[in-house]
Amino acid sequence: MGAHWFAERARRELVATGETVRKRTVETAAELTDQEACIARLVTEGLTNVEIGAQLFISPRTVEWHLGKVFTKRGIGSRRELRSSLQNTAT
């Protein structure tokens with residue numbers, strides 16, 4: 001389907017902005033990406049998916065998708081559990 005070309009284009013655009021693509025390994029599988037960490041922080045501040053999406057210029061559905069990844073990586077099932085999970089990781 002040509003996905004390789006889209007991935008290469010995204011890689012070039014990231015390089016142009018100074019960002020780097022994180023390598024996926026078994027060791028990093030449970031780590032939050034920068035986007036996931038940002039969304040998790042905004043959730044703990046009490047923002048809704050719509051508010052987070054507006055702030056990050058992404059759709060509320062994309063926020064929901066990233067938040068689902070955060071829940072899976074942290075082994076939690078709700079926003080209520082998120083603050084505690086993030087505090088336990090920081091200490």
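Helices are DSSP runs of H or I with at least four residues, strands are runs of E with at least two, and both are numbered from the N terminus. The model is predicted: local features need pLDDT of at least 70, side-chain atom pairs count only at pLDDT 80 or more, and totals for chains, interfaces and linings use all residues. Residues are numbered from 1 along each chain as its sequence is written, and side-chain values use heavy atoms, with hydrogens and water left out.

**Exercise 1.** State how many helices and strands the chain has.

*Solution.* Step one: the chain has five helices and zero strands. Step two: along the sequence this reads as α-α-α-α-α.

**Exercise 2.** Determine how helix H2 and helix H4 pack, and which residues meet.

*Solution.* Step one: H2 covers residues 34–44 and H4 covers residues 60–74. Their axes, lines fitted to C-alpha atoms over the stretch in contact, are 9 Å apart at an angle of about 95°. Angles run from 0 to 180 degrees between N-to-C directions.

Step two: angles under 35 degrees count as roughly parallel, over 145 as roughly antiparallel, 65 to 115 as roughly perpendicular and the rest as oblique. H2 and H4 are therefore roughly perpendicular to each other.

Step three: contact means heavy atoms within 4.5 Å. From H2, Gln 35, Glu 36, Ile 39, Ala 40 and Val 43 take part; from H4, Val 63, His 66, Leu 67, Lys 69, Val 70 and Lys 73.

**Exercise 3.** Describe the setting of His 66 in helix H4.

*Solution.* Step one: buried means under 20% relative accessible area, exposed over 50%, and partly exposed in between (1.4 Å probe, protein chains only). With a relative accessible area of 12%, His 66 is buried.

Step two: leaving aside residues up to four places away in sequence, His 66 touches Gln 35, Glu 36 and Ile 39.

**Exercise 4.** Locate the three salt bridges and classify the residues that form them.

*Solution.* Step one: a salt bridge is a side-chain nitrogen of Lys or Arg within 4 Å of a carboxyl oxygen of Asp or Glu. Glu 36 and Lys 73 form one at 2.8 Å, N to O. This pair links distant parts of the chain, with Glu 36 in helix H2 and Lys 73 in helix H4, 37 residues apart. Glu 36 is buried at 3% relative accessibility, while Lys 73 is partly exposed at 21%.

Step two: Glu 45 and Arg 41 pair at 3.0 Å, N to O. Glu 45 is partly exposed at 48%, and Arg 41 is partly exposed at 40%.

Step three: Arg 61 pairs with Glu 64, the closest N and O atoms being 4.0 Å apart. Both lie in helix H4, three residues apart, about one turn of the helix.
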